[in-house]
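Hi there,

Here is the structure I promised to pass on. Please have a look, and then read my notes below.

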Amino acid sequence: MSRIVSRVLKGINTSDGGGVKLKRSIGGVVDNLDPFLLLDEFRSDKADDYIAGFPDHPHRGFETVTYMLAGNMEHRDHKGNKGNLVAGSVQWMTAGRGIIHSEMPKQENGLMWGFQLWVNLPAKDKMCPPRYQDIPPQNIPEVTKDGIKVRVIAGNYDGVEGAVKGIATNPTYLDVALPKGASFKQSIPEGHTVFAYVFQGEASFGPKEKEQKVPLSHLAIFVDGEFVEAHANDSDVRFLLVSGKPLNEPIARRGPFVMNTKEELYQAFMDFQTGKF
């Protein structure tokens, strides 16, 4: 059964970090889509919109996923880890019990474009040791067929396994580019949460008889089913297709910490303030 679009939501303009301008959908127009807590798109060729970056800040209890389309950001953390996020690369950071890090531009002009997704961790994993999966562009599998190009960041597409492994929520994360007139189909485990975010053109999702147009910078949320269908009827389109297993656990969230209870949230703030990360 093809999944039908239940809601179409427009991302809202906001800022975060040192004042980076971005467009927020999950965590903005909708509070969360279990297990997903936030989706931001940052896109600007004006340095003033991004140059302040994301200075040192903590995280506990979830995962951050940064996917770069253009530009260069340097990542550093309080453990001495560092690396460059370049165009086409992905960093899947499992914050676990706690990390303090920064993401700062390594450019003074030009286009900076990418996404940050927050993925919740199950209660049993919230205090796990932090870890990174830094994937350079050349290590992300691409499947090209009949003009369709799919970058497989996580999950499986057409028998090709994604670059990111070992994630508790069993996610699929695809970057899908369709030429005008093309159609796309992706199997998704029943019961998993699914959304699509259109960042080029206008896509249509769902079976032909219940097709829903989703414009640029809009988020599509799907009902349950076996697969997602997408169509590029009037223009070339490009979108993220993301799914994951819901945790169905309580969420206690404030700022950079996501736990299950208020007591755990309070402890996270105390641990950060007393240098226990």
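Buried means under 20% relative accessible area, exposed over 50%, and partly exposed in between, with a 1.4 Å probe and protein chains only. The model is predicted, so to speak with care: local features need pLDDT of at least 70, side-chain atom pairs count only at pLDDT 80 or more, and totals for chains, interfaces and linings use all residues. Residues are numbered from 1 along each chain as its sequence is written, and side-chain values use heavy atoms, leaving out hydrogens and water.

Salt bridges first. With a side-chain nitrogen of Lys or Arg required within 4 Å of a carboxyl oxygen of Asp or Glu, the count is twelve. One of them links Glu-142 and Arg-151 at 3.0 Å, N to O. Glu-142 is partly exposed at 42%, whereas Arg-151 is buried at 7%. Arg-76 and Glu-74 also meet at 3.0 Å; here Arg-76 is partly exposed at 39% and Glu-74 is buried at 17%. Lys-208 and Glu-211 form a salt bridge at 3.6 Å, with Lys-208 exposed at 57% and Glu-211 partly exposed at 28%. Salt bridges with shared partners also join Asp-16, Arg-24 and Asp-40 into one network.

Now the sheet. Strands are DSSP runs (E, at least two residues) numbered from the N terminus, and two of them pair if DSSP finds at least two bridges between them. Four strands make an open antiparallel sheet in the order β18-β23-β20-β21. Its edges are β18 (183–187) and β21 (212–214), each pairing on one side only. Five bridges join β18 to the antiparallel β23 (residues 227–231), and Ser-183 has His-231 in β23 as its bridge partner.

Best wishes
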